[in-house]
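Here are my notes on this one, point by point. Have the model open while you read.

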Amino acid sequence: MRADPIESRFEMPTDVLEALKSFTPAVAEAWATSWLASVSPRIARILLADAHESRVAAGQVFYRGAYHDQMAMSALVVSGQLRIYRQTDTGRQVTMMYHYPGAIAGAPALLLGGAQNENERARQPWQSLGGMEVYGQALQDSGLLKFSPARFLHLVKTEPDVAWALSTYLAQLAAVKEQMMTDDMFLSVQARVARHLIDLAVPIDGALTVTVGHQEIADAIGSVREVVTRSMVDMRLAGLITREGNKTVVTDAEQLRLIASAH
């Protein structure tokens with residue numbers, strides 16, 4: 001028996017709720033906040049029929065370029081926090097996107113023919129767009145609901161409602177990526193650090209907390225640790241953040257948002 005049945009929290013068709021009962025309650029929560037909530041019960045049942053939950057530990061790289069065995073994935077982010085980033089041959093990194101519960105991870109590579117069992121010609125569109133350099137990493141212990149890649153692609157190709165909902169979602173992601181790229185080009189280091197602190201902060205024991213370190217933030221903004229550390233020291237002296245062990249606590253989120261939006 002569920003102590004807090006999902007029926008009492010979400011208004012979804014009964015047969016979808018029944019299908020979601022096969023998974024942990026967090027799956028229903030993430031489903032309800034994703035574009036998947038707009039698909040018909042029939043399509044929801046098809047997607048859920050052979051879906052399975054998976055855990056990704058904090059720090060784990062779950063996706064590695066165009067040849068990783070999980071690159072052909074399609075998954076609902078159920079819990080935690082992920083980042084999608086590019087990494088050069090020299091090891092430099094820049095974060096392209098953060099994924100939170102309700103996001104769908106893996107769709108671009110899947111749609112562009114990047115399945116690990118595809119031939120080189122099928123991989124070419126993803127490779128030509130830099131797919132070899134795209135990685136995915138968990139910033140916190142995270143949960144995923146993984147769908148069958150073949151089933152997901154079939155629905156995209158044959159169901160207009162799925163194609164429209166996914167295309168709208170991907171357009172939103174593209175707009176967010178463009179904004180992040182613009183910020184990285186024109187904002188100061190302090191503004192970029194402030195933006196990522198806000199993006200990364202999650203409520204822990206009543207406080208907005210960032211669990212990643214200075215190096216991870218440097219990787220996120222395409223800078224180096226020393227520069228990020230200086231910026232965060234200035235923020236601590238200004239009373240915007242504090243340090244508790246290996247975590248950063250945001251004490252003035254409004255001021256950080258003002259810094260992050262300053263051009």
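**Notes on the model**

1. Start with Met181, which sits in helix H7. Helices (H or I, at least four residues) and strands (E, at least two) are DSSP runs, numbered from the N terminus. Together with Met185 and Phe186, Met181 makes a nonpolar surface patch of about 380 Å². For patches, the residues have over 30% relative accessible area and no salt bridge; like charges are joined within 9 Å, and nonpolar side chains (Val, Leu, Ile, Met, Phe, Trp, Tyr) within 5 Å. Accessible areas come from the Shrake-Rupley method with a 1.4 Å probe, and for residues only the protein chains shown count as cover.

2. Ground rules before going on. This is a predicted model, where local features need pLDDT of at least 70 and side-chain atom pairs count only at pLDDT 80 or more, while totals for chains, interfaces and linings use all residues. Residues are numbered from 1 along each chain as its sequence is written, and side-chain values use heavy atoms, with hydrogens and water left out.

3. Now the cores. A nonpolar core is a set of buried Ala, Val, Leu, Ile, Met, Phe, Trp, Tyr and Cys residues joined through side-chain atoms within 4.5 Å; buried means under 20% relative accessible area, exposed over 50%, partly exposed in between (1.4 Å probe, protein chains only). The largest core has 47 residues, and Trp31, Trp35, Leu145 and Phe147 have the most contacts inside it. Helix H7 gives the most to this core, with five residues. A second, separate core has 23 residues, among them Tyr98, Val212, Ile217 and Val250.

4. Two residues from one stretch of chain. Leaving aside neighbours within four places in sequence, Trp35 is in contact (heavy atoms within 4.5 Å) with Ile104, Phe152, Val162, Ala165, Leu166 and Tyr169. Ser34 is found in the loop between helix H2 (25-32) and H3. Is Ser34 buried or exposed? Buried, because its relative accessible area is 9%.

5. On to Ile217, in helix H9 (residues 214-221). At 0% relative accessibility, Ile217 counts as buried. Its contacts beyond four places in sequence are Val193, Leu197, Leu200, Val212, Val228 and Met232.

6. What does helix H8 look like on a length check? The 12 residues of H8 (residues 189-200) should span 16 Å at 1.5 Å a residue, and the end C-alpha atoms are 16 Å apart, which agrees. The expected span is 1.5 Å times one less than the number of residues. Buried residues in H8 include Val193, Leu197 and Leu200, and also Arg192, Arg195 and His196.

7. Last, salt bridges (a side-chain nitrogen of Lys or Arg within 4 Å of a carboxyl oxygen of Asp or Glu). The count comes to four. One of them joins Glu159 and Arg42, with the closest N and O atoms 3.0 Å apart. Glu159 lies in the loop between helix H6 (149-158) and helix H7 (160-186) and Arg42 in helix H3 (residues 41-49), so the pair ties together parts 117 residues apart in sequence. Glu159 is buried at 17%, whereas Arg42 is partly exposed at 39%. Another pairs Asp50 with Arg151, at 3.1 Å; they are 101 residues apart, with Asp50 in the loop between H3 and strand E1 (52-56) and Arg151 in helix H6.
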